[in-house]
Structure formats: C-alpha cells, structure tokens
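Good morning, and thank you for coming.

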Amino acid sequence: MSRARIATVWLDGCSGCHMSLLDLDEALIGLAPKIELVFGPLVDAQEFPEGVDVTFVEGAVSSHDDLRLAQTVRARSRFVVALGDCAVTANVPSMRNQIPPKKLLERIYVDGVNVNHRVPADGVPALLKQASPLHEVIRVDLHVPGCPPPAAAIGYVISELLAGRRPDLAGKVKFG
Amino acid sequence: MPDRVSIRIDGELLHARLGQTILEAATAQGRFIPSLCHLKGLTPVGACRLCLVEVAGIGRLLPACTTPVQDGMAVTTRSDRLDRYRRMILELLFAERNHVCAVCVSNNHCELQALARRLGVTHVRFPYSFPKAGTDLSHRQFVLDQNRCILCTRCVRVCAEVEGAHVWDVAGRGIGSRLVCELNRAWADSRSCTGCGKCVQSCPTGALAMKGFAAEEMVKRTETITRLVEAKGVRA
Ligand code: SF4
Ligand code: SF4
Ligand code: FES
C-alpha cells in the first residue's frame, strides 16, 4: 500500500493545534509507516507540493499570504481539514475584526510603544481587512473545532481518513 | 375536566398534568428536548426556538416550552427536519455575535457551547457578522459582555419576576437588538439594581459574569434560581 501524502499548514494560529497533533505521542509511531508528511512546520519542504491526499490547516486566514497559501492548499489537496477553532471560526485572530488594520497596527506599533514608532512593513505580509474562518475563503471537507482539538480527536480523524471513512465528530468535539 | 392527560411523545404513551407544557411533561419523563431561553421557574417566552417540536395535525412547528399539553396530543421531538433547524439556529446564534469560546469566562460551562457539541455543530455555515458589540464593565461586581449575549432574556425575566427590580430590557430590532440596563444607562448608574447577582447566575453563556474570573472559571448556578422560585411559591 502506498503511503498517504499528508500536509499540515500553519496560518494565523498559535501552533497549539500542531502541538496537539504531537500530543498523539507514541500513536505517531504507529502512524509513521502509513503516512508521508510532505509539507508543514514539522518538515523542510519550502513549497506546497502537488497531489496531497489530506491537508490539515491550523489558523485563521488573516493576511494576503494566508489567503494565497489557502488557495494553493485547496488546488493541490484532495481533502482539506480545518483543524482547530482559528481555522473553523477565526477565533482569537478575529478579535481584531472590528478595527481597520491600519488603525490596529498604528495603535500597537506607534501609540503602544516608547521607541521605534513605526509599523513594520518589510518582510511581513499585509493583513486582510478581517480574519476569516478557512471555509469562508476555500471549500473545506471536514471541520475539527477545539482550542486546541484534543489529540484523541485528531488521532481519530487521521485513522478514519486512512481507513477511507468519513469521521463522524458529532458529540466528540466542541468550540473552545 | 380531568387534570391528567395522555399524550404521546415520540410514540410513547405518557401521562401529564393539565397545564404542563410539552417541555415540562417531556422533562418529567427524563426526555431531552434542546432548550436555551427556558429556565425552570421563569415565565417561558419561546424566544430561542430551539425546543421546536412537531405536533400531529398541526401544520407548523411549536415551541415545547410554551405549548400546553392537550389530551391525545402526539408530539415528535426528534426528526431530521428538527435536527436541521436546531443546528441552524445554533449556527445563527454563533454568527450573530463574537463568542470566541476559547477565551470566554464560561468556556466549558456554557449552555450554548454544550448544545452545539451535543447537536453536532462543528462549524457555522453562515458568514460571521463580527459586530462591534461592546461591554459594560461599570458595575462593581459584575460584567456584561454583549459579544456573548444570545438575547434569551433570562436575565430580564429573573430580575423582573424574582428580584422585582426589572433592570434589564431588550432595545432595538432584529440583528441590532441589544440588552440594555434601564433605558440604556451604565449598569453602575442603575437606580434599581440591588446587586443580587440573579441575572448573572441565570445567564446561559458568558455574557453576564462575576468580575475577577478568568477564562473557564465562571460556572452558573441556574438550579439555585429554580430552587428560589419554588421556595417562594410554597411561601406565597
Ligand atoms: S444584580 Fe439582581 S437586581 Fe441587579 S440587574 Fe442583576 S438580577 Fe437585577
Ligand atoms: S445577558 Fe445572558 S441571560 Fe441576558 S439575554 Fe443575554 S444571554 Fe440571555
Ligand atoms: S426553550 Fe423554547 S423557545 Fe427557547
């Protein structure tokens, strides 16, 4: 059996969902022979590859870079999972959504500091007007809410998908 | 007229007292009908529509919390259609405000969150409105966070009916509706609030909370409100 090509993506989130994935602990060893991790913060690949079976996306879509990467993910993945509340609801990143980005950045980097009154522009992606849940910008095949989703829920999702079944999460996950 | 009636709930024949609502009759038999605006002891208002049920022979859905039982009534509390509508109602409640459960004082103790889990709501299909909802931090002991208010009016009713102060009301229309303290003044400036905290304990979400509580710390004591009303009823 060929190994499933799995990718993980980290958009506007705290990496807690990736930590929760690592919390699978020894179960990861059992998964290792069945999957090939082709992209994500846990591997070296620089570019999101073609022909991915399942991509887990952590984080809200907050910047133009997030949006571009989300679109690439969709175009190159058979199955996209929104992993965790930031990807599912926009969660904490959306708490800025009532403030226009320019005002927000000035509040933080100009009014909010004593030195270096300057909004950083070099090498940081421009913010979108609002942070959005992933499914408001691309089609999402499965939502796994939770902040973070418990490792057991992530493990269940992975093993069901590897077995070719659609995970039924009713009653197993919650927001927050 | 006999004061006991026979009804069918999901096919099962049960006895109920005349004057009971469908929700009361079902709950008394240990059955679960989702509800949010209902709090035992307060006047039911049928505001959230989560408890909608099908009643044989009636073409529209009826709220179980306000509909009295009648002899021979046949009620369906679960169906694909009801499940669909209930999930939709929950999703609309989430889309209407900024709940951000992860950082809420009532995370893991919230009735809205618990129902979403129970009914299998894993995401919200409607676009979030991200409104500027505001908070009232003026009161010495309590906080009102409009971001998490679902307009169930439990606080309005407990304050008016149990405490007798009637501090809260709902102002505005539709999606612009907001809970207001006496004709829209800061809570600290209320002339009638006694500081009893009944509104806080009745609130199903983190919209009303005690000050000084961090995320996940605010557990509400709704059963205390029910007990209080029942004790009062005995005395009266
Ligand atoms: S603290 Fe008591 S009196 Fe004050 S608003 Fe709440 S329920 Fe009413
Ligand atoms: S503040 Fe709480 S109890 Fe009052 S209407 Fe809003 S959700 Fe209901
Ligand atoms: S519980 Fe019946 S309408 Fe809210």
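Predicted model: local features only at pLDDT ≥ 70, side-chain atom pairs only at ≥ 80, totals over all residues.

Residues are numbered from 1 along each chain as its sequence is written, chains are lettered from A and ligands numbered from 1 in the order in which they are written, and side-chain values use heavy atoms, with hydrogens and water left out.

Around ligand 1 there are 14 residues, where a residue counts as near if one of its heavy atoms lies within 4 Å. The closest are B:Cys159, B:Cys193, B:Cys196, B:Gly197 and B:Cys199. In chain B, α4 (154–163) and α5 (198–202) are the elements that give two or more residues to this shell; helices are DSSP runs (H or I, at least four residues) and strands are DSSP runs (E, at least two), numbered from the N terminus.

Ligand 2 is surrounded by 13 residues, and the closest are B:Cys149, B:Cys152, B:Thr153, B:Cys155 and B:Cys203. By class, the shell of ligand 2 has 10 nonpolar, 2 polar and 1 charged residues. Here Ala, Val, Leu, Ile, Met, Phe, Trp, Tyr, Cys and Pro count as nonpolar, Asp, Glu, Lys and Arg as charged, and the others, Gly among them, as polar.

On a 1 Å grid over the protein atoms alone, a cavity is a set of points where a 1.4 Å probe fits but cannot get out, and a pocket is an open set with protein on both sides within 12 Å along at least five of seven lines; lining residues have an atom within 4 Å of a point.

The largest pocket has a volume of about 500 Å³. Its lining has 18 residues, and B:Thr27, B:Phe32, B:Ile33, B:Ser35 and B:His38 are the closest to its centre. The lining divides into 8 nonpolar, 4 polar and 6 charged residues.

The second largest pocket, of about 370 Å³, is lined by 16 residues, and the closest to its centre are A:Leu105, A:Tyr109, A:Val124, A:Pro125 and A:Leu127. Which element gives the largest share of this lining? That is α5(A), with 4 residues.

Finally, the largest cavity has a volume of about 140 Å³. Among its 13 lining residues, the closest to the centre are A:Thr89, B:His99, B:Val100, B:Cys101 and B:Tyr128.

Methods. Points joined across faces, edges and corners; volume = space filled by probe spheres on them.
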